[in-house]
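Welcome! Please take a moment to look over the sequence and the 3D picture, and then we can walk through them together.

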Amino acid sequence: MQFNIVTLFPEMFAAMNYGVVGRAKETGLIDIRCFNPRDYTEDNYHKVDDTSYGGGPGMVMMVKPLQAAIQGARENSKSFASIVYLTPQGKLLNHDLVKELSVQENLILISGRYEGIDERLLKIEPGIELSIGDYVLSGGELASMVLIDTVTRQLPGVVGDAGSVAQDSFSAGLLDYPHYTRPEVINDLKVPDVLLSGNHAEIARFRRKQALGRTWLRRPELLAKIELTAIDRMLLNEFIEETSS
Ligand code: 9D3
């Protein structure tokens, strides 16, 4: 999968050289390329922004350098690329959208800076608009990296154990169960006995119950979205019983 990023700060994408995404780059499963609108300017000042028509604070990214950078990305592309604008006005990114994006083979991600980009770029170069959450970032780069990270994890062969992506909390619709590692006791806190029992059925039951219970406590709106089996309802009832006593 090819990610083409239009950004004034290509150096930020060095963060993609680490961990799971870094390995996906090394093995050729993904390719990340940056296109800096400043490199496509034709004036002596390499100007990419200008004041806002109508007044108000802050600068707006100009159409021409962005359009030229998109053109540069297209010329570098092996296949047709859809455009994604990372913007606070976009639709909220979630797991379902990440899954949909992961079947694309080529994306152009537009990471804005300043107050935003000239609205006419979206008419000239149509694309989907995505936000990563209801908080204010200083620019679209971190949002692009969140998209790359989450989408890359869904690609076949990227995350070692196939089961671990499928079972990831948001694919399953539940929060994760609690994890423990050595030592068995720390600060008088003991690892739950069942996890040391070697009884795999009991361990699975304990973990499912914890996942259901924690989702019920912390993110009840997630529980409402999924179908619980009769066993799930029994485990959750047990959890609620144990919590209230
Ligand atoms: C004062 C009005 N602000 C709009 C909410 C201006 C503004 C804030 C932040 C304009 C651009 C930005 C930079 N943010 C992004 O480019 C961005 C973003 C975000 O801030 N939050 C969540 N998702 C995203 S995706 C891109």
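We will begin with the whole protein and then visit some residues one by one.

First, some ground rules: this is a predicted model, in which local features need pLDDT of at least 70 and side-chain atom pairs count only at pLDDT 80 or more, while totals for chains, interfaces and linings use all residues. Residues are numbered from 1 along each chain as its sequence is written, and side-chain values use heavy atoms, with hydrogens and water left out.

Let us start with the overall layout. The protein has 10 helices and 10 strands; these are DSSP runs numbered from the N terminus, with helices (H or I) of at least four residues and strands (E) of at least two. Along the principal axes, its C-alpha atoms fill a box of roughly 70 × 40 × 35 Å. The radius of gyration is 23 Å, whereas a compact globule of 245 residues would have a value near 18 Å. Here the radius is taken over C-alpha atoms, and the globule rule is 2.2 Å times the number of residues to the power 0.38.

Now think about surface and interior. Of the 245 residues, 39% count as buried; buried means under 20% relative accessible area, exposed means over 50%, and partly exposed lies in between, using a 1.4 Å probe and protein chains only. The protein exposes about 14900 Å², and carbon and sulfur atoms supply 53% of that area. Such areas come from the Shrake-Rupley method with a 1.4 Å probe, and for residues only the protein chains shown count as cover. A contact means heavy atoms within 4.5 Å, and among contacts between residues at least 6 apart in sequence, 76% join residues at least 24 apart.

Next, find asparagine 4 in strand S1, which covers residues 2–6. Is asparagine 4 buried or exposed? Asparagine 4 counts as buried because its relative accessibility is 0%. Its neighbours, not counting residues up to four places away in sequence, include Arg33, Phe35, Ala73 and Leu107. The side chain of asparagine 4 also makes a polar contact of 3.1 Å with the side chain of glutamine 2. A polar contact is a pair of N or O atoms within 3.5 Å; within protein, one must be able to donate a hydrogen and the other to accept it, and residues adjacent in sequence count only if both atoms are side-chain atoms.

Asparagine 36 counts as buried because its relative accessible area is 12%. A polar atom of its side chain lies 2.9 Å from the backbone nitrogen of arginine 38. Leaving out residues up to four places away in sequence, asparagine 36 touches Thr7, Leu8 and Pro10.

The loop between S2 and S3 also holds histidine 46. Its phi is near 55 degrees, a positive value in a residue other than glycine. Histidine 46 is partly exposed, at 39% relative accessibility.

Move on to arginine 113, in the loop between S6 and strand S7 (116–117). With a relative accessible area of 15%, arginine 113 is buried. Its side chain makes a polar contact of 2.8 Å with that of glutamate 141. Among the residues it touches, not counting those up to four places away in sequence, are Leu8, Phe9, Met12 and Met61. Arginine 113 and leucine 101 are 12 residues apart in sequence, and their C-alpha atoms are 23 Å apart in space.

Now compare sequence with space in two other places. Aspartate 96 lies in helix H3 and is exposed, at 53% relative accessibility. Valine 103 belongs to the loop between helix H3 (95–101) and strand S6 (106–111). The C-alpha atoms of valine 103 and glutamine 154 are 9.1 Å apart, while 51 residues separate them in sequence.

Our last stop is about the backbone. The peptide bond from arginine 182 to proline 183 is cis, with omega near 5 degrees. Proline 183 is in the loop between helix H7 (169–172) and strand S9 (185–186). In the loop between S9 and strand S10 (189–190) you can find asparagine 187. Asparagine 187 is not a glycine, yet it has a positive phi of about 50 degrees. Asparagine 187 counts as exposed because its relative accessibility is 70%.
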